[in-house]
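Subject: Two-chain model, handover and findings

Hi,

Here is the structure I promised to pass on. Please load it before you read further.

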Amino acid sequence: MLLLDELLLTLALVTTAALALFDRQLIRACALFVLFALTVALAWWRLGFPWLALLEVLLGAALTGAFLFHALGVMPWARAPRGRLSRWRDPVPLNWRRGFFRLLPALAAVGMLGIALASLPAINEAPGPLRLSGTVLFGLGLWAFALQRHLLRRLLAFNIIGTGIFLLLMSLAREVSPAAGQGLVITGLVVALLGTMLGALLIRRLNGLDGRRVMASMKNGGGP
Amino acid sequence: MIERLGLMATQPAQPGISAVVLLLLGLPLLLGVLGAWFRPLRGGVVASVSLLPLLATAWLLLKVSTHGVQAWTLDVGPLALHLRINGLTLLLLLLTQALTLASAAYAPGYLRVAVKERSAGGAWLWPLLGTMVASLSLIWLAADLLTLYVGLELMGLAAVGLMLLPGHVEALAAGMRYLLLALVGSLAFLLGVALLLGGWGRLDLAGLATAVEPGPLLWVAMALLSAGLLLKAAAFPLHTWLAPVHASAWTPVSALHAALVIKASFFIALQLWLVLVPDAAVAAWLVGGMGTAAVVWGGLMAWRAAKIKDVVAWSTVSQLGYLLLAFPLLIGTTPAVAAIAWEGTWLQLVAHALAKAAMFLAAGNLILFTGEWRVEGLAGASRRFPLALLSFGIAAISLVGLPPSAGFTAKWLLLHAALAAGHWPWLLVLAVGTLLSAAYVFRLFRFSFIEDAPHFGLRRVPGGMDLIALLLALAALLLGLVAQWPLGLLSMTGGAP
């Protein structure tokens, strides 16, 4: 029963994350991200980390969501998007060839992680659904981060990679030293929020200044 | 190597040390908030207030040099944060406080002249600067991975914030790239920490040093940690974000960033390698190869750069290559070689920090005087602005590595270590790097000595700004004459078995 429960939660996590990452309708993507963050909070609750659940709801869902919507310029009085960067639909279509080549580094990273996880010493319990979902979220997020050019979608991808790492971390630290694990995750959550906040404010500001030149300079600069 | 890092100290901390360290971490934050409130207009006020953390550091120096290396834990709820102070920590703390004092004293004049209107950015400068200095101090002091992670993240976010302050499109676009890369780097770091925690159940470096066993888990964790840190340190293939960020940043911010922020990531990476994989000679040679590429590529790009600030920024990439040579010289070599390379590495770090901060401030002054960003715009500068050019030149002496500067002593030590280890390639790297740095420095001077100069958008700049750049440059030069003092500090013992 418990296993079925965890499997359902894993499935919900991965589905909401994938939808949030690959939806080109950005408002819907951000809404899905908030849903994803709430699912993560539920997962923390089920794992017996109520503090992490509370922080995830506050920082991950409420504040991060608010900043993402702020970056999109979704206001009660705004009817239509203005400016290129806050366009509510990502204009760059998904190209299968490009998608495949951007998948390779993500797969390599996940493979490397898999090798490391396989050689864990015996003090750790057998891998559960939690570790699996953490790894899948990490891979999905990396793929999306490499694939997408839209700054907001990259911020979403960053947040989802981060959540994958938090889940992995707690699955590793749960037995051996939960206090250190929680310390790391709480720091990570605050950093992710501050990073998203800076990114969202920057997107708004860049949009206000000169969207077209920024897009060009970002394209020339390339990415990681 | 672990005892050199002061991680094996067994004696409890002397009374008062923990409190003074907390003061040292808290003071910059407090001063930052006060700075935002009062928005100081005079460099002298800022300098005298910034003396307080420097005094606290001096007190620590006195205490630690009499009682030996200190290590203690700070309990925050169920967590135990490990901290330590040894000679290296003290040297880096002193460097941080001194450079902060110089940059902070430079900032009010710079804001008054270069940033005309009382923009919001001017108020944000101080708290961000305070956060950055506090997190740097935390990184030098930290002896466990959680504290290092907190320090690294605080420093990274404060650095991004400082880079964004100019507020125009170029700064924001470069800052956005920097932000994304810094965030990715911190995720890689966190994943590496998670693997180490899962494998061995602890985060304190001294404990991990005895617990870890070589294997795929350790190697993947180290690869992730190193990738994240080298990305933040702008090591060779991961350096592309550096020049655009510096090109549009404010001068005092650039100076601190190139002098300290990049070095902090390098410091953490080297410390982790020495503690966790002290025998990974092959991987260390790989990092040495990256350093070689950085020296050559950074030097070439600095030589070809069109803007003055780009020359200085690319020279940072090149000079960081020398520091990366520390990996192959310290890891998997004999103790005699490692002892020389150890001294050379940290002296190079200190010398470069002083010289690079001086060079950025001098370059910023030249840009302010002439109103020109391009290297060609320096034509005739030798006659009109001799003091700024003199500071630039003295800083360049240390950067190129001519005697009697600290840069010379550091390179001499590194050369000596490479000879003793029989690592011939690094000799060649040091020679090529010296030639390249001489080439890009003399290119700037060639333009400045052109006599038939056109007109200038002449500007009055406070004399204090020139003086600060000159003092820093002189410090980099004269440190070479008194190099025994920092080297003696490095070999401070006590508490170590």
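**Confidence**

This is a predicted model. It scores ipTM 0.90 and pTM 0.93. Chain B has a mean pLDDT of 88, with 95% of its residues at 70 or more. For chain A the mean pLDDT is 82, and 82% of its residues reach 70 or more. One stretch of chain A needs care: residues 219-224 have pLDDT below 50. Beyond near neighbours in sequence, that stretch makes three contacts in the model. Where pLDDT is low, the predicted coordinates should not be read in detail.

Residues 6-22 of chain A are 100% helix and 0% strand, with end C-alpha atoms 24 Å apart. Residues 155-173 of chain A are also 100% helix and 0% strand. Their end C-alpha atoms lie 27 Å apart.

In the model, residues 142-436 of chain B are 81% helix and 0% strand. The end C-alpha atoms of this span are 36 Å apart.

Two packed helices are described by the angle between their axes and the distance between the axes.

*α6 with α8.* Helix α6 (residues 169-200) of chain B packs on α8(B) at about 155°, with the axes 8 Å apart. Angles over 145 degrees count as roughly antiparallel, so α6(B) is roughly antiparallel to α8(B). The crossing is left-handed. From α6(B), the contact residues include B:Gly185, B:Phe189, B:Gly192 and B:Gly199. From α8(B), they include B:Leu217, B:Val220, B:Gly228 and B:Lys232.

*α8 with α10.* Helix α8 (residues 216-232) and helix α10 (residues 251-276) of chain B have axes that come within 8 Å and cross at roughly 160°. That angle makes α8(B) roughly antiparallel to α10(B). Here too, α8(B) passes α10(B) in a left-handed crossing. On α8(B), B:Leu218, B:Met222, B:Leu225, B:Ser226, B:Leu229, B:Leu230 and B:Lys232 make the contact. On α10(B), the residues are B:Ser265, B:Ile268, B:Ala269, B:Leu272 and B:Leu276. They divide into nine nonpolar, two polar and one charged.

*α17 with α18.* Helix α17 (residues 406-421) and helix α18 (residues 424-448) of chain B pack at about 155°, axes 8 Å apart. That makes α17(B) roughly antiparallel to α18(B). The crossing of α17(B) past α18(B) is left-handed. α17(B) brings B:Lys411, B:Leu414, B:Leu415, B:Ala418 and B:Leu419. α18(B) brings B:Trp426, B:Leu427 and B:Leu430. This contact has seven nonpolar, no polar and one charged residues.

Most residues other than glycine have a negative phi, and most peptide bonds are trans. Which bond in chain B is cis? The peptide bond joining B:Pro403 and B:Pro404 is cis, with omega about 5°. B:Pro404 sits in the loop between α16 (386-400) and α17 of chain B.

The other case is B:Arg39. Its phi is positive, about 45°, although B:Arg39 is not a glycine. B:Arg39 lies in the loop between α1 (17-38) and α2 (43-67) of chain B.

Best wishes

Conventions
Residues numbered from 1 in each chain as written. Chains lettered and ligands numbered in written order. Predicted model: local features only at pLDDT ≥ 70, side-chain atom pairs only at ≥ 80, totals over all residues. Helix = DSSP H or I, 4+ residues; strand = E, 2+ residues; numbered from the N terminus. pLDDT = per-residue confidence, 0-100. Axes fitted to C-alpha atoms, helices over the stretch in contact; angles between N-to-C directions. Parallel < 35°, antiparallel > 145°, perpendicular 65-115°, else oblique. Left-handed = near helix turned anticlockwise from the far one by under 90°. Contact = placed C-beta atoms within 7 Å. Nonpolar A, V, L, I, M, F, W, Y, C, P; charged D, E, K, R; others polar.
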